[in-house]
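I opened this chain for the first time today. These are my notes, in the order I looked things up.

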Amino acid sequence: MKKKTKNRIITAFIVTLVVAGFWLLFRSGGSSEVGTKIISRNGLHWHATLKILVDGKAVEIPANIGLGVVHNPIHTHEDDAVIHLEFQGLVTDKNLALGKFFDIWNEKFDSQCILDKCVSPEIGKTLTMTVNGEPNTEFENYMMKDGDEVAIRYE
């Protein structure tokens, strides 16, 4: 095989790989994960407020959740109920799920339980969530946004 022909084949192969790579990257909003959407390619710095009420009493959200040896992009600084979302680079909607905060905090949260309290029809307890005053049933899957006010009530 002539050297020119061999070089053209190698070049065509490399171009094909690059094009295929870009196609895979951008075909679903930038992620190969089904249902994942890119929120930012350049990081973000957002804040959401979280209020948890158990039988009408506010639960304190501790300071420094997610801070320590490893600085988690989802964290608190103070015990003021503000969740900081401070990401570098690529950020997808999956990164911003409210459940991630509870995972980092090492506490339970889903449609049935908050902390150590779980829904119990026998004793008439329910779990509800509002986002910016509107009912929301996404619970741990809710994608936090800048300025959100999330309230979770176990009553």
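**Entry 1: one threonine**

I began with Thr-92, which is buried because its relative accessible area is 11%, under the 20% cut-off. I note that the model is a predicted one. I then looked for the element that holds Thr-92 and found strand β6, residues 91–92. Next I asked which residues Thr-92 touches, leaving out those up to four places away in sequence. I found Thr-36, Lys-37, Ile-38 and Ile-39.

**Entry 2: the whole chain**

I stepped back to see the layout. I counted two helices and 11 strands in the secondary structure. Reading along the sequence, I wrote down α-β-β-β-β-β-β-α-β-β-β-β-β. The chain has 155 residues, and 35% of them are buried. I also checked contacts between residues at least 6 apart in sequence: 56% of these join residues at least 24 apart.

**Entry 3: the core**

I went inside next. The largest nonpolar core holds 31 residues, and Phe-102 and Ile-152 have the most contacts within it. Which elements give two or more residues to this core? I listed β2 (44–54), β5 (82–87), α2 (98–105), β9 (127–131) and β11 (149–154). The top contributor is β2, with five residues.

I then picked Ile-152 and traced its contacts, again skipping residues up to four places away in sequence. Its partners include Leu-50, Lys-51, Ile-52 and Leu-53. Leu-98, Phe-102, Phe-109 and Ile-114 are also among them. Leu-127, Thr-128 and Met-129 complete the set.

I wanted to know how covered β5 is. Five of its six residues are buried, so I call β5 mostly covered, taking buried as under 20% relative accessible area.

I looked for strands that pair with β5. One is β2, which pairs with β5 in the antiparallel sense over six bridges. Across that pairing, Ala-48 stands opposite Ile-83 in β5. Another is β4, residues 74–75, also antiparallel to β5, over two bridges. There, His-75 stands opposite His-84 in β5.

Conventions: Residues are numbered from 1 along each chain as its sequence is written. This is a predicted model: local features need pLDDT of at least 70, side-chain atom pairs count only at pLDDT 80 or more; totals for chains, interfaces and linings use all residues. Side-chain values use heavy atoms; hydrogens and water are left out. Helices (H or I, at least four residues) and strands (E, at least two) are DSSP runs, numbered from the N terminus. Buried means under 20% relative accessible area, exposed over 50%, partly exposed in between (1.4 Å probe, protein chains only). Contact means heavy atoms within 4.5 Å. A nonpolar core is a set of buried Ala, Val, Leu, Ile, Met, Phe, Trp, Tyr and Cys residues joined through side-chain atoms within 4.5 Å. Two strands pair if DSSP finds at least two bridges between them.
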